[in-house]
Amino acid sequence: MATITVLRAGPLTTIQDWPGRVGHWKVGVPPSGPMDDLSFRLANEAVGNPSDAAGLEATLMGPALRFDAPTTIAVTGAPVTVTVSGNTVPQWVPIRIEAGDVLDVGAATELGLRVYIAVAGGIDAEVYLGSRATFTMGRFGGLDGRILRDGNELSVAGEATGPTRRILGDEQPALTRAWQLGVTVGPHGAPEFFTADDIDDLFAADYEVHFNSDRTGIRLTGPQPRWARTDGGEAGLHPSNIHDNAYSVGALDFTGDTPILLGPDGPSLGGFVCPVTVVTAQRWKLGQLAPGDTVRFVAVRSEDTASPSELGLGRRACFVEVLSRGGDTDDGILGTTTTADGTTAVTYRRSGDDNILVEYGDMRLDLALRARVHALAQRIEAEQPAGLADLTPGIRSLQVKADPDVWSQRRMLDWLTECEAQLPAAEDLVVPSRTVHLPLSWDDPATREAIERYMLGVRSDAPWCPWNIEFIRRMNGLNSVDDVYRAVFDASYLVLGLGDVYLGAPVAVPLDPRHRLVTTKYNPARTWTPENAVGIGGAYLCIYGMEGPGGYQFVGRTTQVWNHRHPLPAPGFDPQHPWLLRFFDRIRWYPVSAEELLDMRADVAVGRGDSVRITDGTFSLAEHERFLADNADDIAATRSSMEEARAEERERWSRGGEFAARVTDTAMSPAEREKVA
């Protein structure tokens, strides 16, 4: 097997494949893969590889590679200087390499940001969850789940299976410093979330690409929304907050007042609104947006967009301008209906040209709505319609992702509407529901450190600083922080979603509404959160699946919810997959000291210990609703008191200018701005 030695890795070079790690969005595993899929796939085309062969993506500057055997390579993407053993060679053409040759790929200094290198036969790497693509934040895929380093050795997977060819000029994507992005309206438009003037501003403005952008997304600077709402209700105090739903790659996600274009390493679930979504055939541009570039959004209709399977002129990538006859005039709502019993509204929201977000009921937390989502997901999974790519449930919604070449949005809408009429009543829901007992180190030192870092590096005057637990107490009108402790440990948290902050991280809600502590999220978000920190945002609890940014208010830390040893076993984990929790599991906490937790975490990391205790059971929506009815008066009184406290906090925020625009120059990536939860 031929070997490639990395003489100079470059600042951010990874192994990727296309289309990446698909089918695991519902548990918080992003697709990864190349940010500029078009340049990547054209590189493979040039050397005769199949489109899914693994290659290299280099950001800012390419690598220097020595080959120990003859082969053929191609370099595409941003314009760079490319040499082979000191001789300059062109991009976009197959280049013959002899044994001992050194390929040197220079820096992207003029246009674009990322360069792609294909090698005949592809780069060999371990397949993880169906893909070789590197997800560095999750530490898997590619070479040990990380960027390449000087001295690494790579292997060529095999032989190319097709002919080599030059990539023609009208096939090559046009790069610029003033970009136009074709977007569809939705899922969250005006007048529900944004004002009509907000949407006008969005299409009229030239947004600027912020230097703190990465593969999770592209952070933009531009006009601040006026907002159509004063707050997000139970979902949080900021008007951008909503009950968690699935995101699409390419969605323009407003994390507070900051717009972020979500990339292929972005979060699958979150609680922020997205007014427009980049269409699939235009998402390659996300990979080439460089700091200082400008972005103008152009509204297009989903039925007019180019096919993402196209690599040639049909992709229309050789034009800087987006050709459009205007966007849809439906504010992102494809249609509405009601459930078969006529009790619940169903809204079908457009999310790009490849997703429909099916949303149930009013903007409130109601487990009956999650039951509707579950019934729909089960029906779709049983039918497996041609073109279906992924299903991702949220709190009161289900995102249905499809290949637009196989299952058009219009046909998908017709099918989903017909399917809805045949679903059973929500109150009939009875599902497996394990009780998962997990340790919780209350007010853990690692979470205290994260708050201190936030105060030093991001914001010291936030209402939730210096102690999140005290903020939770104040937000909910409790007498002492001991009451917060009792509410958390007395609660049984029902898991409604997974992957809320990546890698099987649960979004869960107490079954007893009296235990539902409601908070708002950090704004701006934290730049660092310890792995498996436990926090509350809106009415929801989350366990952070991995170290990274975040926005939920801390209460403590627990053991791992993702088995990084997979396929090797770990206690409590299903041997078939690396995530611990399942939809409708019930999380119960038991207290441990910070020292005990560190010992438990060390045990789980090596596949031993008994910190996770699981008992089987079921969840019946009818039984739950009887419980609510039997305790209705006390629940109402408790919730009323909590709501009064939140109203007082909202008034304090208003007097203190908390809702005014807040600009920060701190080093925060899009993932750090995104609640990522």
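Predicted model: local features only at pLDDT ≥ 70, side-chain atom pairs only at ≥ 80, totals over all residues.
Trainee: What makes the pairing of Arg325 with Asp304 a salt bridge?

Mentor: The closest N and O atoms of Arg325 and Asp304 are 2.6 Å apart. A salt bridge needs a side-chain nitrogen of Lys or Arg within 4 Å of a carboxyl oxygen of Asp or Glu, so the pair qualifies. Side chains of opposite charge can pair when their charged atoms come close.

Trainee: Why is Arg325 called exposed, and why is Asp304 called partly exposed?

Mentor: The relative accessibility of Arg325 is 54%. Exposed means over 50%, so Arg325 is given that word. Asp304 has a relative accessible area of 28%. That value falls between the cut-offs of 20% and 50%, so Asp304 is partly exposed.

Trainee: How many salt bridges does the structure hold?

Mentor: There are 41 salt bridges in the structure. One of them joins the side chains of Glu470 and Arg473, at 2.9 Å from N to O.

Trainee: How do you know that Glu470 and Arg473 are separated by about one helical turn?

Mentor: Glu470 and Arg473 are three residues apart in helix α6, so about one helical turn separates them.

Trainee: Why is Arg473 called buried and Glu470 partly exposed?

Mentor: Arg473 has a relative accessible area of 19%. Buried means under 20%, so Arg473 counts as buried. Glu470, with 24%, is partly exposed, because that word covers values between 20% and 50%.

Trainee: Where is Arg474, and what does its accessible area make it?

Mentor: Arg474 is in helix α6, which spans residues 468–475. Its relative accessible area is 24%, so Arg474 is partly exposed. The C-alpha atom of Arg474 is separated by 7.0 Å from that of Ala645, although the two residues are 171 residues apart along the chain.

Trainee: What makes Arg652 and Glu649 a salt bridge?

Mentor: The side chains of Arg652 and Glu649 meet at 2.5 Å, N to O. The cut-off is 4 Å, so the pair counts. Arg652 and Glu649 are three residues apart in helix α10 (residues 632–656), so they are separated by about one helical turn.

Trainee: Is Glu649 buried or exposed?

Mentor: Glu649 is buried, with 1% relative accessibility. Elsewhere, salt bridges that share partners join Glu57, Arg114, Arg215 and Asp265 into one network.

Trainee: What forms the nonpolar patch on the surface?

Mentor: Leu313, Phe319 and Leu323 form the patch, and together they have about 300 Å² of accessible area. Phe319 is in the loop between β20 (294–299) and β21 (333–338).

Trainee: Why is Phe319 called partly exposed?

Mentor: Phe319 has 37% relative accessibility. This lies between 20% and 50%, so Phe319 is partly exposed. A patch residue must have over 30%, so the value of Phe319 also passes that cut-off.

Trainee: What is known of the largest pocket, and which residues lie nearest its centre?

Mentor: The largest pocket has a volume of about 810 Å³. Its lining has 37 residues, with Trp18, Pro19, Arg283, Asp354 and Lys401 nearest the centre. The largest share of the lining, three residues, comes from β25. By class, the lining has 18 nonpolar, nine polar and 10 charged residues.

Trainee: How much space lies in the second largest pocket, and which element gives the most to its lining?

Mentor: About 410 Å³ of space lies in the second largest pocket. Helix α3 gives the most to its lining, with six residues. The lining residues divide into 13 nonpolar, four polar and six charged.

Trainee: How many cavities of 30 Å³ or more does a search find?

Mentor: The search finds five. The second largest cavity holds about 70 Å³ of space, and its lining includes Phe194, Asp198 and Arg226. Helix α2 (residues 196–204) gives the most to that lining, with three residues.

Technical notes. Residues numbered from 1 in each chain as written. Heavy atoms only, no water. 1 Å grid on protein atoms, 1.4 Å probe; cavity = no way out; pocket = protein on both sides within 12 Å on 5 of 7 lines; lining within 4 Å. Points joined across faces, edges and corners; volume = space filled by probe spheres on them. Helix = DSSP H or I, 4+ residues; strand = E, 2+ residues; numbered from the N terminus. Patch = residues over 30% accessible without salt bridge, like charges linked within 9 Å, V, L, I, M, F, W, Y side chains within 5 Å. Areas by Shrake-Rupley, 256 points an atom, 1.4 Å probe, with all protein chains shown as cover. Buried < 20%, exposed > 50% of the residue type's maximum accessible area, 1.4 Å probe, protein only. Nonpolar A, V, L, I, M, F, W, Y, C, P; charged D, E, K, R; others polar.
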